[in-house]
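Welcome! Have a look at the sequence and the structure, and then read on.

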Amino acid sequence: MPHTEHSDRLLGWYRQAVRFIIPADCIGCGLPLRDDPIPFFCRRCWNRIVPTTGPACSRCDLPFASPAATSRTPDHQCQTCLERPPAYERAWTLYPYLPPLQDAICSFKYRGKVALAKPLAALMAGALPAGLDADLIVPVPLHPARLRAREFNQSLLLADHLGRLLSRPVSATHLIRILATDPQTTLTRPERLRNLRQAFGVRQPEALAGRRILLVDDVFTTGATLNECAKTLLKSGAASVCALTLARTMGTHLVPDRLFAGQAAGSRPVPEV
Ligand SMILES: [Zn+2]
Ligand SMILES: [Zn+2]
């Protein structure tokens with residue numbers, strides 16, 4: 001039996017045993033967990049997490065409110081991308097940031113439930129767009145001070161699992177965060193951008209020269225962080241930069257009704273880091 005399969009099975013038995021002794025409830029719906037395969041979530045809640053589909057900006061993946069937006073021009077871009085083209089070539093933002101995925105990301109990121117990294121990365125792998133290819137996967141870095149406080153970089157954990165699933169190398173050392181930025185949500189857009197400028201740097205740029213890089217982060221809010229990372233990587237000689245996030249915050253008018261029903265009610269804003 002391969003090592004990972006063996007340790008997965010052991011982990012499964014351990015989880016069952018812990019649930020037998022200390023019954024746990026699903027973070028999504030509060031019902032008791034039984035033999036559900038995903039830690040902290042019941043099968044029913046996890047199955048409610050479905051990717052965003054439908055017409056979207058061909059650059060930043062922002063869903064369009066009108067289904068007609070891309071019927072004549074499939075490469076149609078949103079106003080923001082046309083006015084201020086981002087440094088990344090393309091972003092894919094996979095799932096709407098709504099419960100229960102939102103609860104899963106918050107539990108993973110802010111409450112240290114790192115066992116969710118693997119199923120969350122599997123959600124990403126299950127919704128990858130056709131044609132996505134890269135030489136190197138790079139997670140959005142945390143500043144060392146933030147890393148010390150949180151003890152892990154959620155984007156690195158996702159990137160690490162994705163790298164294994166896609167058989168691509170992951171670099172957590174070349175792109176670094178050199179400036180600690182204030183919690184972003186308290187700032188206006190110009191302040192956020194000023195804050196982010198020069199927040200990132202590159203170590204050993206020769207390792208990135210000519211490489212096609214896939215930047216990985218958990219949540220796409222405005223895209224400003226990914227844009228600054230992409231600028232820094234391109235300045236250091238990367239051939240191209242695309243971005244992939246597990247989820248995207250979006251106005252409720254952009255969420256398809258079938259996803260919105262029963263999900264958006266408990267939605268809460270979460271700061272981008
Ligand atoms: Zn549930
Ligand atoms: Zn766009």
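**The overall picture**

Please keep in mind that this is a predicted model. The protein chain has 273 residues, of which 37% are buried. Its secondary structure consists of 10 helices and 7 strands. Among contacts in the chain with a separation of 6 or more, 71% are between residues 24 or more positions apart.

**The core**

Which residues touch the most other members of the largest nonpolar core? They are L215 and L246, in a core of 58 residues. The element that gives the most to this core is strand β6 (residues 212-220), with 6 residues. Domain 1 (1-47) and domain 2 (51-266) both contribute residues to the core, so it lies between them.

Apart from neighbours within four places in sequence, L215 is in contact with Y88, V138, V140, L226, C229, A230, V241 and A243.

**Two helix pairs**

Next come two pairs of helices. In the first, helix α5 (residues 117-126) packs against helix α7 (residues 154-166). The table puts this pair beside the second one.

| Helix pair | Angle | Axis distance | Handedness of crossing |
|---|---|---|---|
| α5 and α7 | about 55° | 9 Å | right-handed |
| α8 and α9 | roughly 30° | within 10 Å | right-handed |

With the axes of α5 and α7 at about 55°, α5 is oblique to α7. Which residues meet where these helices pack? From α5 come A117, K118, L120, A121, M124 and A125, and they meet L157, L158, H161, L162 and L165 in α7.

The second pair is made of helix α8 (residues 189-196) and helix α9 (residues 224-235), whose axes cross at roughly 30°. Angles under 35 degrees count as roughly parallel, and α8 and α9 are therefore roughly parallel to each other. Here R192, L193 and L196 in α8 meet A224, T225 and E228 in α9.

**A residue in a loop: I178**

I178 is found in the loop between β4 (175-177) and α8. Is it buried, partly exposed or exposed? I178 has 14 other C-beta atoms within 10 Å and is partly exposed. Not counting residues up to four places away in sequence, I178 touches A199, F200 and G201. The C-alpha atoms of I178 and L142 are separated by 9.1 Å, with the two residues 36 residues apart along the chain.

**Backbone details to look for**

Most residues other than glycine have a negative phi, and most peptide bonds are trans.

P100 lies in the loop between β2 (95-96) and α4 (101-110).

F40 has a positive phi, near 75°. This residue, F40, sits in the loop between α1 (3-21) and α2 (43-47). F40 counts as buried because it has 23 C-beta neighbours inside 10 Å, and 20 or more are needed for that label.

S167 also has a positive phi, near 55°, and is part of the loop between α7 and β4. Is S167 buried or exposed? S167 is exposed, as 6 other C-beta atoms lie within 10 Å.

Key. Residues numbered from 1 in each chain as written. Chains lettered and ligands numbered in written order. Predicted model: local features only at pLDDT ≥ 70, side-chain atom pairs only at ≥ 80, totals over all residues. Core = buried A, V, L, I, M, F, W, Y, C linked by C-beta atoms within 7 Å. Buried ≥ 20, exposed ≤ 12 C-beta atoms within 10 Å, placed from the backbone. Helix = DSSP H or I, 4+ residues; strand = E, 2+ residues; numbered from the N terminus. Domains from an automatic or database assignment. Contact = placed C-beta atoms within 7 Å. Axes fitted to C-alpha atoms, helices over the stretch in contact; angles between N-to-C directions. Parallel < 35°, antiparallel > 145°, perpendicular 65-115°, else oblique. Left-handed = near helix turned anticlockwise from the far one by under 90°.
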